[in-house]
Every structure is written in C-alpha cells, then in structure tokens.
Amino acid sequence: MKLSSISIIFFFATLQALSVLQVNSQSTDSCNSNLNLDLPFDTSLLNCLPVWSRHDFILRYVRNLSNVWNFVLSAPDTNSFVAMGFSTTGQMVGSSAVVGWVSADGSGTVKQYFLGGQRPNLVVADQGNLTIVENSTSITSRSSRVYLAFQLNTSQPLSRVLYSVGQIGVIPSAPGFALAEHRDKVSTLLNYRTGN
C-alpha cells in the first residue's frame, strides 16, 4: 500500500515539474518586448495592446502615412491559422479578414478572406473589402509565436475587430485554401486613437 502511495505522489510531482517546464519553455510576447522581425515596414512606433488574453493575442498598430496603417498581430504558434477581421457589425458574417499560417516547412502564407456565411464554401480566399498594400504581408514563427504583419490602405480601419484561431495542427492548403472552422473567436471594439 505504501509503494502505491509513493508511486502516486511521484507521478503527480513529475506531472507538476513537466507542466512548469512547458510553461517556462513557451516564449511570451508583451508590449514591452522589442520586435526584432524582418518586416516590410517600420515597427518602431507601433501602439501595442493585449487584445485577447484567453489566447495571448497582442496587437501592434500605427497609422504611418496618410491612409496607410501598419498591423502586427502576435499569438502563440499552435500550428494553426490566426486571423484578424474587420467588421461593420461585430459579426463574422459579412466581414473581411487577414488570415495567416506557417506550414510545416517553415513557409508562411497570408491571405485575405471574405466571410460571406457560416458554410465553408462561403468563406472565400483572395476576396474581401480590405485594401491591403501590395507586398506588405508576412507571417513568421519565432520563439513559439507567430507574427502576422500587414498594411491596410484606408483612412480609418473599422473599429469592430475580430480575432480567431484555427484548430491545432490544421492549416489551409492548396487548392482553394479552404479554412476549417476556427477553434475560438472573439469580437472586440477598438478605439485606434486611445488604444482602448
């Protein structure tokens, strides 16, 4: 009986130690972190705020020129897509989103999607109402996080911002780059001037 109790205590102690190691090995990002990324635009003056604590999403953004906005969305790398959408109503249906993922070979893909409905055939790649600056998109994985970067050409981005994350281990692929249903999503309201 004592051996059994000792085995159980050892088992739980080992699990606790492994969970501590796993948490400590995951890289974190914060608004105090410097972005040392090779992006197609300057990141030195970006506003920064945590936007989805449940999934540790951090958004950096700034209006850099008249009608050009820079965005960098950071999230844990779960081998899935991450998305940032812009909506007139706060709902996914009818919105346009920038979606990115990093494939197993390390190559990144960023696409705009129009979210026309809740059925997969109504979520259309390479469509949408966003004017993305040519050659401004990138996604990279670094230190267990992904960084989705893009520029929008608009006088003011929509303030109803959506975030979603895909199923773990599932990324879109050719042909069509159909999105599987997201694992989780959230709708937020962003005041670009105050960062609230």
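Grid points are joined across faces, edges and corners, and a volume is the space filled by probe spheres set on the points. By this rule there is 1 cavity of 30 Å³ or more.

The model is predicted, so to speak of a local feature requires pLDDT of at least 70, side-chain atom pairs count only at pLDDT 80 or more, and totals for chains, interfaces and linings use all residues. Residues are numbered from 1 along each chain as its sequence is written, and side-chain values use heavy atoms, with hydrogens and water left out.

**Stop 1: the cavity**

Select Asp77, Asn79, Ser80, Val82, Gly100, Trp101, Val102, Ile139 and Val146, which line the largest cavity. The space inside the largest cavity is about 40 Å³. Strand S5 gives the largest share of this lining, 3 residues. Strands here are DSSP runs (E, at least two residues), numbered from the N terminus.

**Stop 2: the sheet of five strands**

Next, colour the open sheet of 5 strands, whose order is S1-S2-S3-S9-S8 with antiparallel pairing. Two strands pair if DSSP finds at least two bridges between them. Why is one side of S1 and of S8 left without a neighbour in the sheet? S1 and S8 (138-142) stand at the edges and each has a single partner strand, so one side of each has no neighbour there. On average, neighbouring strands of this sheet are turned by 20° against each other, direction ignored; the axes are lines fitted to C-alpha atoms, for helices over the stretch in contact, and angles run from 0 to 180 degrees between N-to-C directions.

Now select S9. S3 and S9 pair in the antiparallel sense over 9 bridges, and Trp69 has Leu152 in S9 as its bridge partner. On S8, the antiparallel pairing with S9 spans 5 bridges. Ser141 stands opposite Val146 in S9, and Arg142 has Arg145 as its bridge partner. The hairpin of S8 and S9 has 2 residues between the strands, and Ser143 takes a positive phi near 50° there. S9 is largely enclosed by the rest of the structure, because 8 of its 9 residues are buried. Buried means under 20% relative accessible area, exposed over 50%, and partly exposed in between (1.4 Å probe, protein chains only).

**Stop 3: the sheet of six strands**

Turn to the open sheet of 6 strands, which has the order S7-S6-S5-S4-S10-S11 with antiparallel pairing. Strand S7 (123-125) and strand S11 (184-189) are at the edges, each with a single partner strand, so one side of each is left without a neighbour in the sheet. Here neighbouring strands are turned by 25° against each other on average, direction ignored. S6 (residues 108-115) and S7 pair in the antiparallel sense over 3 bridges, and Phe114 stands opposite Val124 in S7.

Select Ala97 in strand S5. Is Ala97 buried or exposed? At 4% relative accessibility, Ala97 counts as buried. Ala97 and Phe114 are 17 residues apart in sequence, yet 6.6 Å apart in space, C-alpha to C-alpha.

**Stop 4: the nonpolar cores**

A nonpolar core is a set of buried Ala, Val, Leu, Ile, Met, Phe, Trp, Tyr and Cys residues joined through side-chain atoms within 4.5 Å. Within the largest core, of 27 residues, select Phe57, Leu59, Phe71, Met84, Phe86 and Tyr163, which touch the most other members. Another core lies apart from it and has 10 residues, among them Ala97, Val99, Trp101 and Leu179.

**Stop 5**

Select Ser164 in strand S10 (residues 160-165). Ser164 counts as buried, because its relative accessibility is 4%. Contact means heavy atoms within 4.5 Å; leaving aside neighbours within four places in sequence, Ser164 is in contact with residues including Phe57, Met92 and His182.

Finally, select Met92, Gly117, Gln118, Val123 and His182, which lie nearest the centre of the largest pocket among its 27 lining residues. This pocket has a volume of about 510 Å³. S4, S5, S10 and S11 are the elements that give two or more residues to its lining.

Definitions and conventions
Helix = DSSP H or I, 4+ residues; strand = E, 2+ residues; numbered from the N terminus. 1 Å grid on protein atoms, 1.4 Å probe; cavity = no way out; pocket = protein on both sides within 12 Å on 5 of 7 lines; lining within 4 Å.
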